[in-house]
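Dear colleague,

Please find below the structure that I am handing over to you. My notes on it follow directly after.

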Amino acid sequence: MNEAAGPRRNPFRARSLVSAEDVSREDLLWILDQAQAFEGVASGERVLPRPLPLEGKLLALLFFEPSTRTRLSFESAMQRLGGGVLGFADAKISSSSKGESLADTVRVVAAYGDAIVLRHPLEGAARLAAEVAGVPVLNAGDGSNQHPTQTLLDLYTIRRATGRLDGLTITFMGDLRYGRTVHSLATALLHFDVRMQFVGPAGLKLPDDLRQGLLASGRVAVEVTDLAGISATDVLYVTRIQKERFPDPADYERVRTSYRIDRAAVERFGDTLKILHPLPRVNEVDADVDAHPGALYFQQVRNGVTVRMALLNAVLAGRGI
Amino acid sequence: MPTPEPQASKLGDAFKLRDGTVVDHLPAGTAARALGLLKLPREGPVTVGMNVPSTRHGKKDIVRVEGLVLKKAELDRLALLGRQITVSIVRGGMVTHKQVLEVPEQVEGILICPNPTCITRGESVSTVFHRQGDYPYRFRCHHCERVMAGEAAQRSLAQ
């Protein structure tokens, strides 16, 4: 808790979370502080006192795209807070397969739940949903655009591991163009005094408009196509090179090994290096990296429940812990 | 309300209006686009001047429409075609109102998002773009957050 500043009003109460751009530095720090209060609950080390804060609340999960971590962690978070969940994890079993518009689906589901978690293949779907739902909408990924709750857990993981968010050098590696977790996290990091470095194949560089904004901020230090071009970093944020994005499979084969890290590749950054990955990984992080003291990707998974508990509690209960 | 003033015409008296609208200072080469955006001609006479000498721009296009007063949505569309386009309302042969068009800060329903995987391309939803920077502006899609340059915005004007 930020006791020095005194209790602060809940900035997430009854509010949608669509984009990292919608969240200020103060709001980010507030929710990360809130998440600390839920430490240990996700792992079962602690049980929240009863009555649980979200008893009687229902969370609707609308996943029009596959998801393992995000969907299950929202379910886990909601149930640990005493609430219930409903929804679908496959668009084929929703009325969208009958031609129903997203806007109509969202309006209907808003009548069944107190908030909606939405994942959709089209960019902007969450913004549209938030404007028609009448209940808070939490964006769980809209195409290649944004994934703001992943960003919250990424920031939480970084701060938990390093003790800070300012003064860090953070290197993004992999699919910079389509990776929504990259876009969200880089956007949120503009609120902090960081250096950002980007490593990605020529065809998968940052979208131009995002890149221009980052460059204008003065926080982008390096853009290279090979990790060998990076001399130092505090955090290495690796994403999967998405094979399905390459029109020519030969191009994918050419680059995929360049974006594969093993223990030897990360040793040169020292023991204090923190390695994050939103998962799933395919082959870009060798299993021998898992034993590195800074390999945090499975910690991220656990933190995902912790942070989503804090977010759901803030959005639905309207009070801080 | 400004004092009505006589129409000035570099095209000669034959092109003067009795009642209607003059769209002036269109960038040279955009008159045909303006006609398309305004779905002209409709009922009344329309006269078009292209590459008309202009002290301000060197040359310009002009569209004069008899018997028509443009709506705000139509003016917003026209504003995207160039800078300092003027629209004059003519009554009884006199200019009764004149305005320089400005692109609104929020452009609604008249641009198509160039991102093929934007939700506005898949759903029946009106587009909203936020104007950014100085002329030639950039436009940010309210939904998918992609930004397009002013030239791209002109190309993506919904007909």
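A polar contact here is a pair of N or O atoms within 3.5 Å; within protein, one atom must be able to donate a hydrogen and the other to accept it. Please bear in mind that this is a predicted model. By that rule, 11 residue pairs are in polar contact across the interface of chain B and chain A, with both residues of each pair at pLDDT 80 or more. On the chain B side that touches chain A, helix 3 (119-122) and strand 9 (138-141) each supply at least two residues. Sorted by class, that side of chain B comprises five nonpolar, five polar and five charged residues.

As to the extent of the interface, 15 residues of chain B are in contact with 17 residues of chain A. About 1300 Å² is buried between the two chains, and carbon and sulfur atoms give 44% of this area. Within chain B, the residues that lose the most area to chain A are B:Ile119, B:Glu123 and B:Glu145, which together account for 39% of what that side buries.

Three salt bridges are found across the interface of chain B and chain A. The side chain of B:Glu145 meets that of A:Arg127 in a salt bridge, at 3.4 Å from N to O.

I also looked within chain B. Strand 5 (residues 86-91) and strand 6 (residues 94-100) of chain B run antiparallel and are joined by six bridges. B:Ile89 stands opposite B:His97, which lies in strand 6 of chain B. Two residues lie between the strands of this hairpin, where B:Gly92 takes a positive phi near 60°.

With kind regards

Technical notes:
Residues are numbered from 1 along each chain as its sequence is written. Chains are lettered from A and ligands numbered from 1 in the order in which they are written. This is a predicted model: local features need pLDDT of at least 70, side-chain atom pairs count only at pLDDT 80 or more; totals for chains, interfaces and linings use all residues. Side-chain values use heavy atoms; hydrogens and water are left out. Contact means heavy atoms within 4.5 Å. Buried area is the accessible area (1.4 Å probe) that two parts lose on being put together, summed over both. A salt bridge is a side-chain nitrogen of Lys or Arg within 4 Å of a carboxyl oxygen of Asp or Glu. A polar contact is a pair of N or O atoms within 3.5 Å; within protein, one must be able to donate a hydrogen and the other to accept it, and residues adjacent in sequence count only if both atoms are side-chain atoms. Helices (H or I, at least four residues) and strands (E, at least two) are DSSP runs, numbered from the N terminus. Ala, Val, Leu, Ile, Met, Phe, Trp, Tyr, Cys and Pro count as nonpolar, Asp, Glu, Lys and Arg as charged, and the others, Gly among them, as polar. Two strands pair if DSSP finds at least two bridges between them.
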